[in-house]
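Dear colleague,

Here is the structure I said I would pass on. My notes on it follow below.

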Amino acid sequence: MGQLYEWFRKFLNECPSGLITLHEFRCHFCNGTVGKESAEYAEQIFRTLDNNGDGVVDFREYVTAISMLIEGTTVEKLRWSFKLYDKDKDGAITRSEMLEIMQAVYKMSVAASLTKPDPLTAEECTSRIFVRLDKDNNVMISQEEFIEGALNDEWIREMLECDPNTVKMERSLKGHAVL
């Protein structure tokens, strides 16, 4: 509960209106991670946090997501991650949607020196994930395929599950850092 409290306190202290725009979120997220290299991923995170699509993340949306990502079950976390990858919100992840997120994560990981020597490229990761998850071979991954595949494959789960602990909260929002 202490970790959750810290996330919430930080958000309210730095966003007293209880709202944050994409521009603000991008600035704060990038400064809390690896700089401009994480901007694309920040936009995807923001889009997923903004449940009602109004262009701002309010405190309720933030609390719901962070609570679930920290204390939720593996299935709940995977459902949220599915929403992150399903950009057009049509209930299926296409190869291009997956690749776009993988490229953003890869770019951020390289900038943060988080990748191991000779890592798989974003394209290779996307191909491997599709081979393992697209069980009906319809060139899309349904939420059911996504969750079932991730639960049955540790490598896939680690690749797909969103972890809020990858973002440091050492600087304040006014000094720029959040998620």
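Glu 100 has a relative accessible area of 32%, so it counts as partly exposed. Please keep in mind that this is a predicted model.

The side chain of Glu 100 forms a salt bridge with that of Lys 87, with 2.5 Å from N to O. Glu 100 belongs to helix H6 (residues 95-111) and Lys 87 to the loop between H5 and strand E3 (92-94), so the pair links parts 13 residues apart in sequence. Lys 87 is partly exposed, at 29% relative accessibility.

The search of the whole structure gave two salt bridges. Asp 153 and Arg 132 also form one, and their closest N and O atoms are 3.0 Å apart. Here the loop between helix H8 (143-151) and helix H9 (154-160), which holds Asp 153, is tied to helix H7 (residues 122-133), which holds Arg 132; the two parts are 21 residues apart in sequence. Asp 153 is buried at 19% relative accessibility, while Arg 132 is partly exposed at 30%.

Arg 47, in helix H3 (residues 39-49), is buried but has no salt bridge: the nearest side chain of opposite charge, Asp 86, is 7.1 Å away. A salt bridge needs the nitrogen within 4 Å of a carboxyl oxygen. The Arg 47 side chain does reach the backbone oxygen of Lys 83, at 3.5 Å.

Leu 78 sits in helix H5 (residues 74-85) and is buried, with 0% relative accessibility. Its C-alpha atom is 7.8 Å from that of Phe 146, 68 residues away along the chain. Contacts of Leu 78 beyond its sequence neighbours within four places include Phe 146, Ile 147 and Glu 161.

Regards

Notes:
Residues are numbered from 1 along each chain as its sequence is written. This is a predicted model: local features need pLDDT of at least 70, side-chain atom pairs count only at pLDDT 80 or more; totals for chains, interfaces and linings use all residues. Side-chain values use heavy atoms; hydrogens and water are left out. Helices (H or I, at least four residues) and strands (E, at least two) are DSSP runs, numbered from the N terminus. Buried means under 20% relative accessible area, exposed over 50%, partly exposed in between (1.4 Å probe, protein chains only). Lys and Arg count as positive and Asp and Glu as negative; His and the chain ends are not counted. A polar contact is a pair of N or O atoms within 3.5 Å; within protein, one must be able to donate a hydrogen and the other to accept it, and residues adjacent in sequence count only if both atoms are side-chain atoms. Contact means heavy atoms within 4.5 Å.
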